[in-house]
Amino acid sequence: MLIALTRAVSPTLADCELTHLDRTPIDVARAIEQHGQYEATLSALGCTMQRVPAAPDNPDAVFIEDTAVVLDEVAVITRPGAESRRTEVAAVADALAPFRALVRILEPGTLDGGDVMLVGRMLYVGRTLRSNDDGVAQLARAVAPHGYTVVPVEVHGCLHLKSAVTALDDTTVLCNPQWVSPESFAPLRTLTVDPNEPSAANVVRVGSTLLAADAYPHTNALLEAQGYAVVTVPADELAKAEGAVTCCSLLVSGP
Ligand code: CIR
């Protein structure tokens with residue numbers, strides 16, 4: 001069983017944090033519609049959907065991925081790098097408590113879940129404006145007893161590590177080499193995004209299917225040519241808030 005935690009798009013989404021994007025008008029109704037399609041797609045792929053109570057005063061609450069790192073053995077509740085997002089974590093911790101033992105990242109550590117990529121027993125962690133050395137060290141201490149190795153990775157030009165790279169399976173990653181060095185992931189096999197689709201590296205792995213944004217047809221075709229099953233969703237309105245497809249869920253594997 002795979003549970004997908006999601007959280008409603010807040011009416012305040014237009015007040016979201018932005019780092020590498022200029023602020024452009026966001027049609028919240030359209031973002032809600034796209035988020036609904038995203039949830040319906042996860043459900044169609046076999047996920048059991050569970051919504052964390054809405055947080056209308058947190059503009060970025062829909063990007064639930066940043067609030068926790070969920071492993072089979074433990075869930076690490078983050079301390080998001082953006083101060084405006086720190087009040088998002090309490091309700092997510094409550095939702096995860098029935099499923100996992102919880103460990104928390106504490107001040108002065110900061111960590112965003114979008115910076116953490118799991119491949120096998122390796123956790124690659126982006127060193128970004130959102131995740132600091134203390135946060136990465138706390139994560140490493142929390143997961144070491146469970147046999148995970150944390151590998152810090154330099155990221156340049158994008159918000160999170162997973163803006164630049166995501167895992168397609170346990171041996172392959174998809175990355176934008178402008179934002180992260182493919183060598184960081186050796187000996188994993190590396191596929192690269194179409195050069196005209198810099199944000200296309202962010203895909204959600206659901207079983208053997210990849211959920212990707214429909215804005216990146218060339219990269220998605222490349223994935224299909226490599227034998228991956230790809231389903232696409234519209235996500236361009238959420239992308240105006242600097243969010244991508246992984247950001248909108250936390251996947252929790254069950255018994
Ligand atoms: C933020 O800047 O925190 C939000 N506007 C976007 C977060 C996207 N999350 C992610 O990539 N994991």
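The structure, a predicted model, holds 1 cavity of 30 Å³ or more, a cavity being a set of points, on a 1 Å grid over the protein atoms alone, where a 1.4 Å probe fits but cannot get out. Residues are numbered from 1 along each chain as its sequence is written. Because the model is predicted, local features were required to have pLDDT of at least 70 and side-chain atom pairs pLDDT 80 or more, whereas totals for chains, interfaces and linings use all residues, and side-chain values rest on heavy atoms, with hydrogens and water left out.

The largest cavity has a volume of about 80 Å³, where a volume is the space filled by probe spheres set on grid points that are joined across faces, edges and corners. Its lining consists of 13 residues, with Phe63, Arg85, Leu159, Ala241 and Glu242 nearest the centre; lining residues are those with an atom within 4 Å of a point. By class, this lining divides into 5 nonpolar, 2 polar and 6 charged residues, with Ala, Val, Leu, Ile, Met, Phe, Trp, Tyr, Cys and Pro counted as nonpolar, Asp, Glu, Lys and Arg as charged, and the others, Gly among them, as polar.

The space taken by the ligand is this largest cavity, a molecule being assigned to a cavity or pocket if more than half of its atoms lie within 2 Å of its grid points. The ligand is surrounded by 14 residues, of which Glu17, Asp60, Arg130, Ala241 and Cys247 are the closest, a residue being near the ligand if one of its heavy atoms lies within 4 Å of it. The shell comprises 4 nonpolar, 3 polar and 7 charged residues. A nitrogen atom of the ligand lies 2.8 Å from an N or O atom in the side chain of glutamate 65, and an oxygen atom of the ligand is found 2.8 Å from a polar side-chain atom of arginine 85. At alanine 241, a polar backbone atom is 2.7 Å from a nitrogen atom of the ligand. Of the 350 Å² of accessible area that the ligand has on its own, the protein covers 98%, as computed by the Shrake-Rupley method with a 1.4 Å probe.

Pockets were also identified, a pocket being an open set with protein on both sides within 12 Å along at least five of seven lines. The largest pocket has a volume of about 870 Å³, and of the 31 residues that line it, Val70, Leu118, Lys162, Arg205 and Leu251 are the closest to its centre. At least two residues of this lining come from each of β3 (68–70), β6 (116–119), β9 (165–167), β12 (204–206) and β15 (250–253), strands being DSSP runs of E of at least two residues and helices runs of H or I of at least four, numbered from the N terminus. The second largest pocket contains about 430 Å³ of space and is lined by 26 residues, with Ser163, Ser199, Glu242, Gly243 and Ala244 nearest its centre.

Backbone geometry was examined as well. Glutamate 242, in the loop between α6 and β15, has a positive phi near 70°. A cis peptide bond joins glutamate 107 and proline 108, with omega about 10°, and proline 108 lies in the loop between β5 (101–104) and β6.

Conventions. A polar contact is a pair of N or O atoms within 3.5 Å; within protein, one must be able to donate a hydrogen and the other to accept it, and residues adjacent in sequence count only if both atoms are side-chain atoms.
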